[in-house]
Amino acid sequence: MAPPADTATPPAPHTREKWVDTARALAILPILALHAGGTTPVLVDAVSGALCFYFVLSGYFMPPAAKPWLAAKRALRLGLAWVLWSLLTLGLRLLFCPGENWSWAQVFGIGCTAYNAPLWFLRNLFLFELILAGLAALRLLPRYNWLVLILLSAGKYATVSSQSDTLSFVWLPAVMLGYCLRSSISLRQLRHHLTAYAPALIATGALLLLQQEYYPHLLPTPGETTTACSLPVKELTWALGYPLIALGLVRLFPRLSTAAALAGSSMIFIYAAHSLAFAPFYVLGLPTWVNLSILLLLLPLLTLACQQLRRGCPRLMRLLMAR
């Protein structure tokens, strides 16, 4: 079966597809489980794949290289959202803990863990998209899209410190990959290929994961001190699972996928707000399964709060949601 005939420019960034938002919601789940205290190797891999998926998706939905000023504007909106959420976190801490010592480094997570640790995602994404906007302004993109991706993937950007403490460029190639895919395939074509070749993709992904697990010497795992490879093979394999599962949910359970898509469209709000809402429970030292139950309960509540705030404070929410 031939792919759809729409070979035009991919959809604008504001275009919403249920399966994409459903995949966003699915990718939130392992991150919440990790924040609840889960530390199993499979969970850590699932979280790395979720982050990879988010960064690739952010690159895909960037404005085209022919309009670098729009890409820079989008990056600045992400930076503004990062600053506003950081200041909101500071305000809440001063409100509930007025005598607590604080520093601007902890507010923004510069060289130390921020009060709202998940905001490292917005901070890094802001800089990554600003870098790509600069490359587009220099006319290096889109002509040299794939060359830039190869050069970025050939280097190592990991740092000793945690990515939530220190600005790390380890995910910059993932954003660049999404940016390259944008110019090569439309969202509708991508959906078609993922659906048509799902069995082959699942089999290939399983083989890659087995190879990395049992025969790592054949293809070095990114991050090993014995290799300079920085291409996130395992992370990309896990990242592919989220849209594949989302497409299955949309087809088999349309109502469930509609609810999940609503959470996915609120992803930035959930990402930034869940640590604030969950903060009182961290100090209680509850078991992991209790923490996870609370966080899963917060997911629909935060989604509902996001939708209500969009109606009541549309301008503020546009800023907080980087739109």
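Student: What should I know before I start?

Tutor: The model is predicted, so local features need pLDDT of at least 70 and side-chain atom pairs count only at pLDDT 80 or more, while totals for chains, interfaces and linings use all residues. Residues are numbered from 1 along each chain as its sequence is written, and side-chain values use heavy atoms, with hydrogens and water left out.

Student: How many helices and strands does the protein have?

Tutor: Helices (H or I, at least four residues) and strands (E, at least two) are DSSP runs, numbered from the N terminus. Here there are 14 helices and zero strands.

Student: What share of the residues is buried?

Tutor: Buried means under 20% relative accessible area, exposed means over 50%, and partly exposed lies in between, with a 1.4 Å probe and protein chains only. Of the 323 residues in this protein, 46% are buried. The accessible surface, from the Shrake-Rupley method with a 1.4 Å probe where for residues only the protein chains shown count as cover, comes to about 16,400 Å². Carbon and sulfur atoms account for 70% of that surface.

Student: And how do I read contacts along the chain?

Tutor: Contact means heavy atoms within 4.5 Å. Among contacts between residues at least 6 apart in sequence, 76% join residues at least 24 apart.

Student: How do helix α2 and helix α5 pack?

Tutor: Axes are lines fitted to C-alpha atoms, for helices over the stretch in contact, and angles run from 0 to 180 degrees between N-to-C directions. Helix α2 (residues 41-60) and helix α5 (residues 120-137) pack at about 35 degrees, with axes 11 Å apart. A crossing is left-handed if the near helix is turned anticlockwise from the far one by less than a right angle, and right-handed if clockwise; α2 passes α5 in a right-handed crossing. At this meeting, L51, Y54, F55 and S58 in α2 face W120, F121, L125, F128 and E129 in α5.

Student: How many salt bridges does the structure hold?

Tutor: Side chains of opposite charge can pair when their charged atoms come close. The cut-off for a salt bridge is a side-chain nitrogen of Lys or Arg within 4 Å of a carboxyl oxygen of Asp or Glu. The structure holds five. One of them joins R74 and E129, with the closest N and O atoms 2.7 Å apart. That pair links distant parts of the chain, R74 being in helix α3 (residues 68-96) and E129 in helix α5, 55 residues apart. Both R74 and E129 are buried.

Student: Why are R24 and D21 about one helical turn apart?

Tutor: Because they are three residues apart in helix α1. R24 and D21 form a salt bridge whose closest N and O atoms are 2.6 Å apart, and both residues are buried. Leaving aside neighbours within four places in sequence, D21 is in contact with R16, A260, A261, G264 and S265.

Student: Which residues form the nonpolar patch on the surface?

Tutor: Patches are made of residues with over 30% relative accessible area and no salt bridge; like charges are joined within 9 Å, nonpolar side chains (Val, Leu, Ile, Met, Phe, Trp, Tyr) within 5 Å. Here L138, L140, Y144, L147 and L151 form the patch, with about 490 Å² of accessible area together.
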